[in-house]
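Me: Hi! I've got a structure open and would like to talk it through with you. Can you take a look?

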Amino acid sequence: MTTLCIIDYGAGNLKSIKRGLEKVGAKVEITHSIKIMQNADGIILPGVGAFGDAMKNLSPIKKDLIEQIKQGKPFLGVCLGYQLLFSESTEGGIHTGLDILKGRVVKLPNDVKIPHMGWNTLKIIQKNISLVEDIKDDAYVYFVHSYYPKVLKNDFIIATTNYGVEFASIIAKEHIFATQFHPEKSGKTGLKILDNFVKLVKGI
Amino acid sequence: MSVKRIVPCLDFNKGRVVKGVKFVNLRDAGDPVECAIAYDEAGADEMVFLDVTASHERRGIMKDVVKKIADVISIPFTVGGGLHTIDDINSMLTVGADKVSMGTAAVNNPNIIKEASEIFGSQCIVSAIDGKRIYVDPESKPGDRIIVQTEEGPCWFEVWIYGGRKPTGIDAVKFAKKAEELGAGEILLTSMDRDGTQMGYDIPLTRTISENVNLPVVASGGAGTLEHIYEGLTTGKADAALIASIAHFGIYTISEIKEYLRDKGIPVRFKKE
């Protein structure tokens with residue numbers, strides 16, 4: 001059976017994403033153990049709390065996490081777990097991220113209510129990516145965030161969403177995938193995305 | 001496009017829904033888990049569960065109910081009622097709640113908002129504000145109150161706590177701004193004058209708070225017709241409409257509410273699946 005690990009790096013609700021992945025047939029462990037992460041078939045980096053704190057909490061496993069991602073293990077970042085992939089964030093001062101993707105995480109514009117909380121639509125830019133298989137243009141997904149990454153390379157942008165600004169809501173680079181929204185809270189559309197991820201981990 | 005949210009709210013006492021939900025296909029209208037499934041399937045965007053149990057054994061029951069709800073629904077939900085400490089919040093989030101709302105606790109100790117949002121993130125900390133109109137003499141000096149003109153005359157809005165049993169003297173608009181500064185991620189705003197009346201949301205209250213904070217505001221208290229919901233989301237400038245009786249008593253389904261709003265040009269989400 002395919003085993004995924006959800007990186008536990010702070011307090012919050014990790015149960016929803018675990019349950020979502022289990023629903024689509026994965027075995028899931030919530031962990032901060034380097035060994036379990038190394039043995040897992042795929043890594044999920046969830047989104048909890050603020051950027052700076054998250055990086056601090058990740059520091060004991062940071063080196064190994066980056067190594068695992070760079071070695072080609074399937075990876076799914078969710079919300080803050082997506083933002084952490086980038087070089088740096090301006091949330092509460094400048095904080096360095098995992099720097100796997102180049103770019104900076106910045107605040108949503110001031111003319112919209114922050115956080116961006118609720119359902120919004122996806123505009124699928126690249127339809128041939130396995131993560132968005134069977135996901136329709138204008139499908140609704142659930143967002144909760146105040147910051148978004150400015151993705152420097154357009155090649156990585158799979159879907160965008162508009163909220164005061166058009167931002168990359170799904171990105172992919174080889175085996176690295178990430179969503180700004182919460183697939184585990186996005187009804188059937190979200191479950192399908194998790195299902196697609198589990199399938200690609202299994203190599204189906 | 002970002003949409004307006006329709007949010008059914010269930011009150012529960014000792015693990016049972018206080019006012020039964022009148023869905024024809026519900027086996028047990030008092031079971032919060034069954035009600036949650038029904039609303040999720042009906043197309044609700046989010047849900048709120050308020051525990052009104054007034055006893056010390058509440059926490060255990062609440063945890064159990066929240067865990068069961070989290071296991072069955074695929075939309076976000078907020079849990080509120082009697083959460084006072086970081087431990088209380090942690091226990092709810094750990095069993096699967098997406099957000100917690102705090103009213104009385106945040107008035108008695110506003111720092112809990114700051115502390116909780118730093119630990120768990122602003123996105124899951126909801127400031128629940130119960131506001132009541134206090135009418136003033138148009139000639140009198142307002143002092144530091146924020147006076148709002150209403151059809152019934154000028155008034156300010158006072159925060160009440162302990163489920164609407166105790167006035168605080170605190171200005172609700174100012175308190176909302178303070179909650180935002182401290183790190184709340186959303187305001188759940190209930191009009192005490194309108195709650196349970198089905199006379200419509202308190203529009204001046206909702207609008208004033210919505211204009212004074214840059215946070216999503218959920219309007220609550222008084223929705224009795226489709227027009228009320230429309231008003232709350234337009235004139236009231238709310239981002240989401242909390243509904244209780246109008247949905248529980250089967251007056252309108254979530255789809256009927258959304259179709260009405262869509263026809264009036266309000267962006268809403270329909271389940272396409």
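Me: Let's begin with strands. In which sense do strand E7 (residues 101–107) of chain A and E11(A) pair, and over how many bridges?

Reply: E7(A) and E11(A) are antiparallel, with five bridges between them. Pairing here needs at least two DSSP bridges between two strands. Strands are DSSP E runs of at least two residues and helices are H or I runs of at least four, both numbered from the N terminus.

Me: Which residue is the bridge partner of A:Val105?

Reply: A:Pro149, in E11(A). Before we go on, this is a predicted model: local features need pLDDT of at least 70, side-chain atom pairs count only at pLDDT 80 or more, and totals for chains, interfaces and linings use all residues. Residues are numbered from 1 along each chain as its sequence is written, while chains are lettered from A and ligands numbered from 1 in the order in which they are written.

Me: Thanks! What is the strand order in that sheet?

Reply: The order is E6-E5-E7-E11 in chain A, an open sheet of four strands with mixed pairing. Its edges are E6 (95–96) and E11 (147–151), each pairing on one side only.

Me: And how does E5 pair with E7 in chain A?

Reply: Strand E5 (residues 86–89) of chain A is parallel to E7(A), over three bridges. A:Phe86 stands opposite A:Leu101 there.

Me: What about E5(A) and E6(A)?

Reply: Those two run antiparallel and are joined by two bridges, with A:Glu88 partnered by A:Thr96. They form a hairpin with five residues between the strands, and A:Gly92 in the turn has a positive phi of about 65°.

Me: Switching to helices: at what angle do H1 and H6 of chain A pack?

Reply: About 65°, with the axes 9 Å apart, for H1 (residues 15–23) and H6 (residues 187–202) of chain A. That makes H1(A) roughly perpendicular to H6(A). The angle classes are under 35 degrees for roughly parallel, over 145 for roughly antiparallel, 65 to 115 for roughly perpendicular, and oblique for the rest. Axes are lines fitted to C-alpha atoms, for helices over the stretch in contact, and angles run from 0 to 180 degrees between N-to-C directions.

Me: Which residues make the contact?

Reply: A:Gly20, A:Leu21 and A:Lys23 of H1(A) meet A:Gly190, A:Leu191, A:Leu194 and A:Val198 of H6(A). Contact means that C-beta atoms, placed from the backbone, lie within 7 Å. By class, this contact has four nonpolar, two polar and one charged residues. Ala, Val, Leu, Ile, Met, Phe, Trp, Tyr, Cys and Pro count as nonpolar, Asp, Glu, Lys and Arg as charged, and the others, Gly among them, as polar.

Me: Over to chain B, then. How do H3 and H5 of chain B cross?

Reply: Roughly at 40°, with the axes of H3 (residues 86–94) and H5 (residues 111–120) of chain B coming within 10 Å. H3(B) and H5(B) are therefore oblique to each other. B:Ile86, B:Ile89 and B:Leu93 in H3(B) meet B:Glu115, B:Ala116, B:Ile119 and B:Phe120 in H5(B).

Me: Last one: how many residues of chain B are in contact with chain A?

Reply: 30 residues of chain B, against 26 residues of chain A. H2 (58–72), H3 and H5 of chain B each supply at least two residues of the side of chain B that touches chain A. That side divides into 12 nonpolar, nine polar and nine charged residues.

Technical notes. Contact = placed C-beta atoms within 7 Å.
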